[in-house]
Amino acid sequence: MSNFVTYVFSGLALGCSFALLGCGFVAIHRVTGVVNFAQGAFAVVAGMTASSFLGHGLPHGLAEALAVLIAGLAGLLVGVVAIGRPGTPVMTSLLVTLGLGIAAYAVEILIFGDQPRSFGMVSGSVVIAGAHLQTQFFVVIAATLVIFAALIAFFGRTYVGKALTACFANPYAARLVGINVTRMGLLAFTLGGLLGGIAGVLLTPLRAVTFDSDVSFAVYGFAAAVFGGLVRITATLIGGLILGLAEALIGGYVNTQYQIAAALVVMLVIMVWQAGRRTAVTEEAV
């Protein structure tokens, strides 16, 4: 029983991190229509940067905050290259993010080296049903819930949030009412970088990150975002939790080698299900 409880809470914590990564995909896609393949790199940059800052003596809180800000700046930089030129086709921007994600490997190795990095954020444990659970699990879960509540309020109730959504729904109409679509797109990439950075600093204490961890991060984040159709924030959270629980339970009871395969299977099943649902809705409309 204690093992099951441990797997469940570790899965929820991992799932929350995946959901934050997925929400970065959503934030960018629902504004620009671009799937940002460099999203996983933001988490790696933030995790490694926070580890480096802490190693140089910066206190907790400041080190993580600066790391998240740097990830946000990285998101802005990717946005400038990918969509900074007005009229850039979506497919071209997508390929640019893919290239930048690959190029990030060299930068990360040059700055941080090729060895895994991790750090401790919150010490101690909580005992539930005989299982000793890391306090970090609850920090990740609580932080994620607060961030998602803030994002829902931001996109649903603020002028800027609604303007961001309008840029993808109808960019021509958005321009007519004075919204700078390119600027909103850059803001979305910055937000995606910040969300990826938060995921990175929350996830790194749970598992070490390396320069190539962005691939698995991107897979899990994209799978969570697909659950929400790349536009729905709440559904992305649910998708991330499902993936996190699946990974923890499969790793605990089956084999850790099948964890990322499970994420891919879940993503494919969701995509097929959503495609079938859209087809059914279209047929009913006809």
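Predicted model: local features only at pLDDT ≥ 70, side-chain atom pairs only at ≥ 80, totals over all residues.
Reader: Let's start with helices. At what angle do α1 and α9 cross, and how close do their axes come?
Author: They cross at roughly 70°, and the axes come within 7 Å. With 65 to 115 degrees counting as roughly perpendicular, α1 and α9 are therefore roughly perpendicular to each other.

Reader: Which residues meet there?
Author: From α1 you have Phe 18, Leu 21, Gly 22, Phe 25 and Val 26. On the α9 side they meet Phe 217, Ala 218, Tyr 220, Gly 221, Phe 222, Ala 224 and Ala 225.

Reader: And by class, how many are nonpolar, polar or charged?
Author: The α1 and α9 contact has 10 nonpolar residues, two polar ones and no charged ones.

Reader: Let me pick on Phe 18. Buried or exposed?
Author: Phe 18 counts as buried because its relative accessibility is 0%, and the cut-off for buried is under 20%. The residue sits in helix α1, which spans residues 2-32.

Reader: What is Phe 18 in contact with, leaving aside neighbours within four places in sequence?
Author: Tyr 220, Gly 221 and Ala 224 are among the contacts of Phe 18.

Reader: How many salt bridges does the count come to?
Author: The count comes to one.

Reader: New topic: α5 and α6. How do they pack?
Author: Helix α5 (residues 135-157) packs against helix α6 (residues 159-169) at about 75°, with the axes 5 Å apart. That makes α5 roughly perpendicular to α6.

Reader: Which residues make that contact?
Author: α5 contributes Phe 154, Phe 155, Gly 156 and Arg 157. From α6 come Tyr 159, Val 160, Gly 161, Lys 162, Leu 164 and Thr 165. They divide into five nonpolar, three polar and two charged.

Reader: Now strands. In what sense do β1 and β2 pair?
Author: Antiparallel, over four bridges. Val 126 has Leu 133 of β2 as its bridge partner. The two strands form a hairpin with two residues between them, and Ala 129 in the turn has a positive phi of about 55°.

Reader: Which residues are on the covered and uncovered faces of β2?
Author: Ala 131 and Leu 133 are on the covered face, while His 132 and Gln 134 are on the uncovered one.

Reader: Back to positive phi: what about Leu 230?
Author: Its phi is near 65°, positive in a residue other than glycine. Most residues other than glycine have a negative phi. Leu 230 is in the loop between α9 and α10, and counts as buried at 13% relative accessibility.

Reader: Last one, Gln 39. Where is it found, and is it buried or exposed?
Author: Gln 39 is in helix α2, residues 39-55, and is buried, with a relative accessible area of 0%. Leaving aside neighbours within four places in sequence, Gln 39 is in contact with Leu 21, Gly 24, Phe 25, Ile 28, Gly 192 and Gly 196.

Key. Residues numbered from 1 in each chain as written. Heavy atoms only, no water. Buried < 20%, exposed > 50% of the residue type's maximum accessible area, 1.4 Å probe, protein only. Pairing = 2+ DSSP bridges. Salt bridge = Lys/Arg side-chain N within 4 Å of Asp/Glu carboxyl O. Axes fitted to C-alpha atoms, helices over the stretch in contact; angles between N-to-C directions. Parallel < 35°, antiparallel > 145°, perpendicular 65-115°, else oblique. Contact = heavy atoms within 4.5 Å. Nonpolar A, V, L, I, M, F, W, Y, C, P; charged D, E, K, R; others polar.
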